[in-house]
Amino acid sequence: MAGEVGLSQAMSYARDLKGAYEALRARERELVEANERLRKAYQQSLRYARDLKKTYGRLQRAILQGLLGLANALEAKDPYTRGHSSRVAELSLELALRMGLPRPAAETIAQAALLHDLGKIGVPESILRKPGALTGEEWEIMRRHPVMGAQIVAPLEFFDDGAIIVRHHHERLDGSGYPDGLAGEGIPLGARIVAVADVYDALTSGRPYRAGLAHAEAVRVLDREGGRTLDDRLVALLVDILETGPATRAPGAAADAHGHHGAPERSV
Ligand SMILES: [Fe+2]
């Protein structure tokens, strides 16, 4: 009797055990399926993220392109500044790379260089193209262009570093620049880079009030300014790039320097 009870109990355990085992297997299969669904959803969301990133990148480029178009239109109106920003951008990119900056940072600096004078869109043409010296009031207006340029690009969150460069491209090492009178290393490196390239190109290009300087003369002016208003390491690097670097670029303009030396601060 006791043996029968023991046997039926054992059989009942075995059935329970089998049931539990099957339930476990079913659960396991469900988990595997759920896992698979999750994996697919994860991959799908990765694809969405990649697409979104691509779209965002395209949008950024489109917005920058639009601004570049605006900057080009502004420059094209004036024979004295035509091509100035793209030459400054080219030199700035080279300087940034030679300073050891990573390529994305160097490219941001180059983009800021392309847009550095965009704020001149807010300066009346009578001032921009005035052949003679500017009055105090006219200078006041002219000197607003870095802040105006920075304000134009400010809504582009991805271009924060670029906006800072646009704002500070007329700061000078000794604190004599504008708009904030920053000095030394307090001036962002990108702005110091664009400043050196900007001054060189302004010196070698003609202006309504003077002819462009020859390369050697422009270098003499830069050497004088190095350590005073311009970063001397960058001046040395620029000279090296122009004289020994890949000959992709000829100096801005006239080789016959019969004009008087324009002070670099006139490179607005
Ligand atoms: Fe400027």
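A: Here is a short tour, one topic at a time.

Q: What kind of model is this, and how are residues numbered?
A: This is a predicted model: local features need pLDDT of at least 70, side-chain atom pairs count only at pLDDT 80 or more, and totals for chains, interfaces and linings use all residues. Residues are numbered from 1 along each chain as its sequence is written, and side-chain values use heavy atoms, with hydrogens and water left out.

Q: What is the mean pLDDT?
A: The chain's mean pLDDT is 88, and 90% of its residues reach 70 or more. pLDDT is the predictor's confidence in each residue, from 0 to 100.

Q: Where is the pLDDT below 50?
A: Over residues 247-266. Beyond near neighbours in sequence, that stretch has 43 contacts in the model. A contact means heavy atoms within 4.5 Å.

Q: How many helices and strands are there?
A: Ten helices and zero strands. Both are DSSP runs, numbered from the N terminus: helices are H or I with at least four residues, strands are E with at least two.

Q: How much of the chain is buried?
A: Buried residues make up 39% of the 268 residues. Buried means under 20% relative accessible area, exposed over 50%, and partly exposed in between (1.4 Å probe, protein chains only).

Q: On to the metal. Which residues are the protein donors of the iron ion?
A: D117 (OD), H145 (NE2), H169 (NE2) and H170 (NE2), at 2.1 to 2.3 Å from the ion. Donors are N, O and S atoms within 2.8 Å of the metal (3.2 Å for Na, K and Ca); water is not among the atoms, so sites may look incomplete.

Q: What spacing do the donors follow along the chain?
A: D-x27-H-x23-H-H.

Q: Why is the site of the iron ion called irregular?
A: The angles among its four donor atoms run from 83 to 173°. Four donors count as tetrahedral if all angles lie between 85 and 135 degrees; four count as square planar and six as octahedral if opposite donors are over 155 degrees apart and all others between 65 and 115; anything else is irregular.

Q: Are H169 and H170 buried or exposed?
A: H169 is buried, with a relative accessible area of 0%. H170 is buried too, at 2%.

Q: Now the core. Which residues touch the most other members of the largest nonpolar core?
A: L95, L115, V153 and L222, out of 41 residues in that core. A nonpolar core is a set of buried Ala, Val, Leu, Ile, Met, Phe, Trp, Tyr and Cys residues joined through side-chain atoms within 4.5 Å.

Q: Which helix gives the most to this core?
A: Helix 8, with eight residues.

Q: What is V153 in contact with?
A: Leaving aside neighbours within four places in sequence, V153 is in contact with L67, L115, L118, F159 and A163.

Q: Which residues are buried in helix 7?
A: G162, A163, I165, V166 and H168. Their cover includes helix 3, helix 6 (145-153) and helix 8.

Q: Back to helix 8. What does L189 touch?
A: L189, which is in helix 8, touches M99, L101 and L234, not counting residues up to four places away in sequence. L189 is partly exposed, with a relative accessible area of 24%.

Q: Last one: where is the cis peptide bond?
A: It joins Y178 and P179, with omega about 10°. P179 lies in the loop between helix 7 and helix 8. Most peptide bonds are trans.
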